[in-house]
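Welcome, and thanks for taking a look at this model. Below is a short tour of its contacts, charged pairs, cores and strands.

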Amino acid sequence: MIRVLVADDQALLRGSLRLLVDAEPGLVAVGEAADGTEAVRLTAETRPDVVLMDVRMPGLDGIGATRLICAPPQTASDGGPRVLILTMFDLDEYVYGALRAGASGFLLKDAPPAELLAAIRVVAAGEALIAPAVTRRLIAEFARRPGPARRDSAGLDAVTDRERDVLELVARGLTNTEIARRLFVGLSTVKTHVSHLLTKFGARDRAQLVIVAYETGLVTPGIADPDRRVPDAGPRPPGRAVS
């Protein structure tokens with residue numbers, strides 16, 4: 001059973017989301033929060049698997065609450081809560097702030113109910129999900145912004161050459177299956193490399209690996225993949241998880 005906490009300052013929407021979650025087999029709503037401070041408190045009390053987090057809330061907003069919920073020592077291995085950001089806006093600054101804060105997914109509030117429920121399952125499984133309207137362009141945008149949080153490329157010294165290859169392809173949005181095809185290795189091998197990367201960087205999920213790849217300079221925004229060993233399969237379907 002996937003435990004879900006709903007955080008939104010609009011009571012009607014908050015209640016509707018809770019009813020939607022409770023009506024879905026395998027999901028259960030464990031609480032509602034009207035602002036970021038309450039979301040942080042209830043997360044500690046109810047220990048949800050996924051927090052549906054609104055961005056714009058009074059007092060502590062959704063980005064600030066996400067930062068506190070996802071703060072170390074939470075890692076991908078300790079079963080900490082995942083945050084799925086919900087917003088009416090697909091502006092760059094929200095994606096930037098959400099990913100920096102540790103969110104595992106970003107979805108617009110006008111998404112169909114089935115898409116939201118699927119997103120909860122994707123995020124609960126430790127994968128990253130970006131809304132249909134939020135493209136790879138927006139993921140790359142946060143890396144262009146200056147700031148003290150950029151990482152030293154020396155952090156890549158701990159990874160093997162093959163792990164670098166996998167990390168680069170994760171950052172470019174390829175799935176495990178696509179990475180296996182690109183590198184001519186088995187799917188289980190790719191999964192092992194991803195697991196090692198999560199451990200080495202103390203990352204919660206693949207969304208955090210994308211940040212690592214950009215901040216260390218392994219992937220440069222706007223530069224096409226220079227090593228296309230197999231033909232691209234074309235545009236990815238909207239709303240597909242980065243798995």
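Let us begin with a lysine: Lys 200 is partly exposed, with a relative accessible area of 39% (partly exposed lies between buried, under 20% relative accessible area, and exposed, over 50%, using a 1.4 Å probe and protein chains only). Its side chain meets that of Glu 163 in a salt bridge, with 2.7 Å from N to O; the term stands for a side-chain nitrogen of Lys or Arg within 4 Å of a carboxyl oxygen of Asp or Glu. Glu 163 lies in helix H7 (residues 161-171) and Lys 200 in helix H9 (residues 187-201), so the pair ties together parts that are 37 residues apart in sequence. Glu 163 itself counts as buried, at 3% relative accessibility.

Before going further, a word on what you are seeing. This is a predicted model, in which local features need pLDDT of at least 70 and side-chain atom pairs count only at pLDDT 80 or more, while totals for chains, interfaces and linings use all residues. Residues are numbered from 1 along each chain as its sequence is written, and side-chain values use heavy atoms, with hydrogens and water left out.

The pLDDT score is the predictor's confidence in each residue, from 0 to 100. Its mean over the chain is 79, and 74% of the residues reach 70 or more. A contact means heavy atoms within 4.5 Å.

**Salt bridges**

How many salt bridges does the structure hold? There are ten, and three of them are set out here.

| Pair | N to O distance |
|---|---|
| Glu 163 and Lys 200 | 2.7 Å |
| Arg 41 and Glu 45 | 3.1 Å |
| Arg 121 and Glu 24 | 3.3 Å |

In the Arg 121 and Glu 24 salt bridge, Arg 121 lies in helix H5 (residues 113-124) and Glu 24 in the loop between H1 and strand S2 (27-33), so the pair ties together parts that are 97 residues apart in sequence. Both ends are partly exposed: Arg 121 has a relative accessible area of 33%, and Glu 24 one of 23%. Arg 41 and Glu 45 are four residues apart in helix H2 (residues 36-46), and are therefore separated by about one helical turn. Arg 41 is partly exposed at 41%, whereas Glu 45 counts as exposed at 53% relative accessibility.

**Strands and helices**

The secondary structure comes to ten helices and seven strands; these are DSSP runs numbered from the N terminus, with helices (H or I) of at least four residues and strands (E) of at least two. Strand S1 is mostly covered, as five of its six residues are buried. S1 and S2 run parallel and are joined by six bridges, and strands count as paired if DSSP finds at least two bridges between them. Within this pairing, Leu 5 has Gly 31 of S2 as its bridge partner. S1 also runs parallel to strand S3 (residues 50-54), with four bridges, and there the bridge partner of Leu 5 is Val 51.

Asp 9 lies in the loop between S1 (2-7) and helix H1 (11-22), and is partly exposed, with a relative accessible area of 34%. The C-alpha atoms of Asp 9 and Ala 34 are separated by 4.4 Å, although the two are 25 residues apart along the chain. Setting aside residues up to four places away in sequence, Asp 9 touches Arg 14, Ala 34, Asp 54, Arg 56, Met 57 and Pro 58.

In soluble globular proteins, nonpolar side chains tend to be buried together. Here, the largest nonpolar core has 26 residues, and those with the most contacts inside it are Ala 7, Met 53, Val 83, Ile 85, Ala 98 and Phe 106. Helix H4 (residues 92-101) gives the most to this core, with five residues. Such a core is a set of buried Ala, Val, Leu, Ile, Met, Phe, Trp, Tyr and Cys residues joined through side-chain atoms within 4.5 Å. Beyond its neighbours within four places in sequence, Met 53 has contacts that include Ala 7, Ala 39, Ile 69, Val 83 and Ile 85. A second, separate core of 23 residues includes Ala 171, Ile 179, Ala 203 and Tyr 214.
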